[in-house]
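Here are my notes on this model. Please read them with the structure open.

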Amino acid sequence: MKTFQSINSIALLFTLVVALSGCNQGETLQTYYVDHELQPGFTTLDIPTSFLELDEESLSEEEIEAYESIDKLNMLAFIISDENKGQFETEVETVKTILKDPKYDELLRGGSTKDGKFVVKFLGDPDKLDELILFGYSNEQGFALVRVLGDDMNANQIVKLVTSVQQSGLQDNQIAQFMDFFQ
């Protein structure tokens with residue numbers, strides 16, 4: 001009986017070690033956000049979609065569906081200054097490394113070395129996104145990492161919704177700053 005308990009103890013310990021080592025697969029976007037949101041040079045902004053207060057009567061059926069599929073937007077931005085240029089380069093490389101994980105599928109990439117670059121990635125199926133990630137950076141301004149979180153979001157519908165939001169001329173100061181960072 002004692003041998004059986006020893007075997008069970010060893011098996012339990014082995015299972016626990018495997019489970020814990022499987023959980024630590026490196027830094028994720030979530031841990032990056034949490035670890036950096038209060039650090040100097042960083043700023044965060046969480047926007048629930050209800051804050052947008054879009055006039056749903058002016059939206060198409062597809063845009064309404066996209067709007068209702070989004071729960072919130074999280075932005076983590078690093079504002080560049082003369083004192084933190086080295087840190088900026090390190091942080092950009094860290095985010096790029098996180099986004100190289102094969103679980104993130106690329107949707108769009110663009111920009112230039114002069115004006116800055118951006119990439120749009122996602123988790124899930126293009127018709128049922130779990131998360132949409134926008135990462136843009138500029139050697140002049142810094143970078144922004146935006147997570148669009150929701151349920152069964154559709155990439156094409158989200159693009160149409162963003163166009164409508166831009167055309168609606170949102171004037172709220174926080175949202176204007178949010179949108180201006182990517183222009």
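1. Basis. This is a predicted model, in which local features need pLDDT of at least 70, side-chain atom pairs count only at pLDDT 80 or more, and totals for chains, interfaces and linings use all residues. Residues are numbered from 1 along each chain as its sequence is written, and side-chain values use heavy atoms, with hydrogens and water left out.

2. Fold. The protein chain has six helices and six strands. These are DSSP runs numbered from the N terminus (helices H or I, at least four residues; strands E, at least two). Along the sequence the pattern reads α-α-β-α-β-α-β-β-β-β-α-α. Among contacts (heavy atoms within 4.5 Å) in the protein chain with a separation of 6 or more, 61% join residues 24 or more positions apart.

3. Burial and surface. Of the 183 residues, 36% count as buried. Buried means under 20% relative accessible area, exposed over 50%, and partly exposed in between (1.4 Å probe, protein chains only). The protein chain exposes about 11,600 Å², with 53% of it from carbon and sulfur atoms. Areas come from the Shrake-Rupley method with a 1.4 Å probe; for residues, only the protein chains shown count as cover.

4. Largest nonpolar core. It holds 21 residues, and Ile70, Leu132, Val148 and Leu161 touch the most other members. Strands E1 (42-48), E2 (70-79), E4 (116-125), E5 (128-138) and E6 (142-153) each supply at least two residues, as do helices H3 (61-69) and H5 (155-168). Apart from this core lies another, of 20 residues, including Phe42, Ile133, Phe135 and Leu145. A core here is a set of buried Ala, Val, Leu, Ile, Met, Phe, Trp, Tyr and Cys residues joined through side-chain atoms within 4.5 Å.

5. Ile70. Beyond residues up to four places away in sequence, Ile70 touches Thr49, Val148, Leu149, Gly150, Met153, Ile158 and Leu161.

6. Second largest pocket. Its space is about 190 Å³. The lining includes Lys96, Arg109, Lys117, Phe135 and Tyr137. Helix H4 (85-99), strand E3 (105-112), E4 and E5 give two or more residues each. E4 gives the most, with four. By class the lining has five nonpolar, two polar and five charged residues. Ala, Val, Leu, Ile, Met, Phe, Trp, Tyr, Cys and Pro count as nonpolar, Asp, Glu, Lys and Arg as charged, and the others, Gly among them, as polar. On a 1 Å grid over the protein atoms alone, a pocket is an open set of points where a 1.4 Å probe fits, with protein on both sides within 12 Å along at least five of seven lines; lining residues have an atom within 4 Å of a point.

7. Lys100. This pocket-lining residue sits in the loop between H4 and E3. Lys100 is exposed, at 64% relative accessible area. Its C-alpha atom is 9.9 Å from that of Lys121, 21 residues apart along the chain.

8. Ser138 belongs to E5 and is buried, at 8% relative accessible area. Leaving aside neighbours within four places in sequence, Ser138 contacts Phe88, Asp115 and Gly116. Phe143, in E6, is buried with a relative accessible area of 0%.

9. Backbone check. Which residue has a positive phi although it is not a glycine? Asp152 does, at about 50°. Asp152 lies in E6 and is partly exposed, at 49% relative accessibility.

Conventions:
Grid points are joined across faces, edges and corners, and a volume is the space filled by probe spheres set on the points.
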